[in-house]
Amino acid sequence: MSERSSVQRAVAATLALATVLLATLMLISGPPTRWFGLSHPGVFHGRDVSREDWGGPFTLSDMSNQARSLSDFRGKVVLLSFGYTHCPDVCPTTLAKFAEVRRLLGTDGDRVQALFVTVDPVRDTAELLRNYVPSFDPSFIGLRGTEEQTDAVTRAFHANYQISNYRGNITVEHTASTFVIDTNGKTRIVTPYDQSARELADDVIALLRTG
Amino acid sequence: MTGLFAQHATIARVLALFIALCVFSGSAICAPAGAAPGLLRVSDAWVRATVEGQTGSGAFMQLRSREDARLVGASSPVAEKVEIHEMRLVNDLMTMRRVESLPLPADTTVALDHGYHIMLIGLKRQLLVGQSVTITLQLLDARGAKHAVDIVAPVRALNTPSVRSSPSHE
């Protein structure tokens, strides 16, 4: 009886030790899903929406009033964000992050296209977008549409925006996430605002590898 | 005449040095006399640069009041209107709205760098890196007395992250 309980104690102690070791390992190297590296499909820092119906084709006007469609960027991973140039903080931070992603990717940076879609097309003229968007990186493209087009494209990406003007006080709200679109035009990842350039770059690398 | 000119030049030099000190220290010691010297300490003040045609920008800073006070307004010669704005991020939806005032509890650093910022609206000129912008902060102390504190904030690049300590390199 006492022999059996000492065996039980030994098993319990071994299990406890194994649990502690596993917990330590997970603390050090992240959850098990991260141990297999980023080439493992379906493992992204951002939210994987590969199986969901996000985004889809759209056509908007660029900074030279030329029509641009998502299909024009086939072969590149597209980073798309919604915003407006009068945005004091979130939008410049996001665009600076996209520029950092391109730098982190080195020569592969050319396989990334950043698109900034304004939710304030009345104030954000083509000219203003031309001054603003490429100032973060010359390759970046600013897009704008009519109110209907803006509504349609934001709806397709399950994004929200609202501009209200109450007694001269303009209040703007918009989705701050980044939408990562693969080389075939399929929206794959929704990256929250607070994820770093490194995490976003890792996700882009994963998409460039797996297509 | 030469003496007078030399005297003026000296005054100008002293003034220039003072302004330079203000800009570099980013401190409210620069507040004009009578404007509650020492009530408010302002550090790390800066304004985001703009591109041509952009009529708004944000100013960011850290405020520390010696006594309980409230930031109730601001003005600047470069903007038609200056407002205190609150930015919220809920489920990745960014909302920005004007707030009437911002409490400044005694001896507490209040960061206007992410959740709150000063919004410059109706800019009269483009803000270029290397320039500086004067902003007058209006405070109301616990006794209801008004104070005006001038700060001189340098203009930083458009792509500057608003929170300086953010982990950009991991």
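Let me start with a pair of side chains in chain A: D182(A) and R188(A) are both buried. These two side chains meet in a salt bridge, at 3.1 Å from N to O. Before I go on, please keep in mind that this is a predicted model.

Staying with charges for a moment: side chains of opposite charge can pair when their charged atoms come close. Over all chains, the count comes to 16 salt bridges. Another one in chain A joins R111(A) to D108(A), where the closest N and O atoms are 3.8 Å apart. Are these two partners buried or partly exposed? R111(A) has a relative accessible area of 34%, so it is partly exposed. D108(A), at 33% relative accessibility, also counts as partly exposed. Chain A also has a network of salt bridges, and it links R102(A), D110(A) and D137(A).

D44(B) counts as partly exposed, because its relative accessibility is 33%.

Next, the aromatic rings. The search of the whole structure gives nine aromatic pairs over all chains. One of them is F98(A) with F140(A): the ring centres are 6.5 Å apart and the planes stand at 70 degrees, so this pair is edge-to-face. Which parts of chain A does the pair tie together? F98(A) sits in helix 3, residues 90–104, and F140(A) sits in the loop between helix 4 (126–132) and strand 6 (141–143), so the pair ties together parts that are 42 residues apart in sequence. F98(A) counts as buried because its relative accessibility is 0%. F140(A) counts as buried too, at 1%.

Elsewhere in chain A, ring pairs link W54(A), F58(A), F82(A), F157(A) and F179(A) into a cluster. There is also a charge over a ring: K97(A) lies over the face of Y193(A), 5.8 Å from the ring centre.

Now chain B as a whole. What does its secondary structure consist of? It comes to one helix and 10 strands. Chain B has 170 residues, and buried residues make up 42% of them. Of the contacts in chain B with a separation of 6 or more, 67% are between residues 24 or more positions apart.

Last, the place where the two chains meet. The contact takes 29 residues from chain A and 29 residues from chain B. The area buried between them is about 2300 Å², and carbon and sulfur atoms give 56% of that. How many salt bridges are there between chain B and chain A? The count is zero. Polar contact, on the other hand, is present between the chains, with 11 residue pairs, both residues at pLDDT 80 or more. On the side of chain B that touches chain A, the elements that give two or more residues are strand 2 (56–65), strand 4 (79–90), strand 5 (93–99) and strand 8 (116–123). Strand 5 of chain B gives the most to that side, with six residues.

Methods:
Residues numbered from 1 in each chain as written. Chains lettered and ligands numbered in written order. Heavy atoms only, no water. Phe/Tyr/Trp six-rings, centres within 6.5 Å; stacked < 30°, edge-to-face > 60°. Helix = DSSP H or I, 4+ residues; strand = E, 2+ residues; numbered from the N terminus. Buried < 20%, exposed > 50% of the residue type's maximum accessible area, 1.4 Å probe, protein only. Lys NZ or Arg CZ within 6 Å of the ring centre and 35° of its normal. Contact = heavy atoms within 4.5 Å. Buried area = accessible area lost by both parts, 1.4 Å probe. Salt bridge = Lys/Arg side-chain N within 4 Å of Asp/Glu carboxyl O. Polar contact = N/O pair within 3.5 Å; in protein donor to acceptor, adjacent residues only side chain to side chain.
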